[in-house]
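This report goes through selected features of one protein model. Look at the sequence and the structure first, then read the sections in order.

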Amino acid sequence: MPETRESALRGDCAQCFGLCCVALPFAKSADFAVNKASGEPCRNLRDDFGCGIHTRLRPSGFQGCTVYDCFGAGQQVSQVTFGGVSWREAPETARLMYDVFHVVRQLHELLRYLTEALARPAARPVHAELRTVLARVEELTGASASELETLDVPGVRAEVNPLLLRTSELVRATAGGKPKSRRGADLVGKRLRGARLRGTDLRGALLIAADLTGADLSLTDLIGADLRDADLSGADLTGALFLTQPQLNAARGNAGTRLPEGFERPAHWTA
């Protein structure tokens, strides 16, 4: 079956050389049980590039791994950019591979948002521009390793962001009422139980450990919002914009939490 854009933007660990387990650094904390430097393979990385504790990451002290998504960059870099030759087989390519992985991961995240924007009927006025930019970003992901290493990613983001903002405005306008913005707001630990936030711009908002029990978050823009340990029990996230699975994985919720189509209910959420 041909690979769809949506499937290409989901991580496929079986086709990756464990890049997130090697390239990314982490510090001993509530999210990780040990310290690890960039370029140092995680102690749980197996010879076949699989994770030795994948089914028990949280109880083993590696909660941080459960809230990370490469958006398909791992298999793109492993199988396309480096032609299926791993950093173990060619150690001299390791550092370049890790650097390129960071770049492609950012490009794939942008592709994820652009793909969603194109699927929003309310954003039809900018669909033509979105398709043009999406094609350009897709083309960049196929560049050579040396080209990707020096790519101006902030410049690419500057090209994409205005279209995502316009998409957000068009979609949130369908919520009715006066547009509300809490962009970048510090809402850490705030009691927002039952809050009516429908159609609100929550871009980059800090919602760490916020009580959003029963809140109406439908049609909100959640791009870059920090939902770590936020309580989404009974909350309504239907139609939420630019939400990602890692954001949900970092939060708490239950069977009553209403999710947008295509998202999985995290295994650690309560019944």
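Phenylalanine 242 is found in the loop between β2 and α8; helices (H or I, at least four residues) and strands (E, at least two) are DSSP runs, numbered from the N terminus. At 0% relative accessibility, phenylalanine 242 counts as buried. Buried means under 20% relative accessible area, exposed means over 50%, and partly exposed lies in between, with a 1.4 Å probe and protein chains only. The phi of phenylalanine 242 is positive, near 60°, in a residue other than glycine. Most residues other than glycine have a negative phi.

Phenylalanine 49 is not a glycine either, and has a positive phi of about 70°. The loop between α2 and α3 holds phenylalanine 49, which counts as buried at 16% relative accessibility.

## Basis of the model

This is a predicted model, in which local features need pLDDT of at least 70 and side-chain atom pairs count only at pLDDT 80 or more, while totals for chains, interfaces and linings use all residues. Residues are numbered from 1 along each chain as its sequence is written, and side-chain values use heavy atoms, with hydrogens and water left out.

## Two loop residues

Threonine 220 lies in the loop between β2 (200-201) and α8 (245-250). Is threonine 220 buried or exposed? Threonine 220 is buried, because its relative accessible area is 0%. Not counting residues up to four places away in sequence, threonine 220 touches Leu197, Gly199, Thr200, Leu202, Ala240 and Leu241; contact means heavy atoms within 4.5 Å.

Proline 25 is in the loop between α2 (20-23) and α3 (73-81), and at 52% relative accessibility counts as exposed. With neighbours within four places in sequence left aside, proline 25 is in contact with Lys36, Ala37 and Ser38. Proline 25 and lysine 36 are 11 residues apart in sequence, and their C-alpha atoms are 5.3 Å apart in space.

## Helix packing

Two packed helices are described by the angle between their axes and the distance between the axes. Axes are lines fitted to C-alpha atoms, for helices over the stretch in contact, and angles run from 0 to 180 degrees between N-to-C directions. The axes of α4 (residues 94-118) and α5 (residues 127-141) come within 10 Å and cross at roughly 155°, so the two helices are roughly antiparallel. Angles under 35 degrees count as roughly parallel, over 145 as roughly antiparallel, 65 to 115 as roughly perpendicular and the rest as oblique. Residues of α4 including Leu107, His108 and Leu111 meet residues of α5, among them Leu130, Arg131 and Glu138. By class, this contact of α4 with α5 has 10 nonpolar, 4 polar and 2 charged residues. Ala, Val, Leu, Ile, Met, Phe, Trp, Tyr, Cys and Pro count as nonpolar, Asp, Glu, Lys and Arg as charged, and the others, Gly among them, as polar.

α3 and α4 pack at about 125°, with their axes 8 Å apart, and are therefore oblique to each other. In this contact, Ala73, Gly74, Gln76, Val77 and Thr81 of α3 meet Met97, Val100, Phe101, Val104, Arg105 and His108 of α4. The residues of the contact of α3 with α4 divide into 6 nonpolar, 4 polar and 1 charged.

## Cysteines

How many disulfides are there? The count is 0, where a disulfide is a pair of cysteine sulfur atoms within 2.5 Å. Cysteine 21 is in no disulfide, and the nearest cysteine sulfur, that of cysteine 20, is 3.9 Å away. Cysteine 65 counts as partly exposed at 32% relative accessibility.
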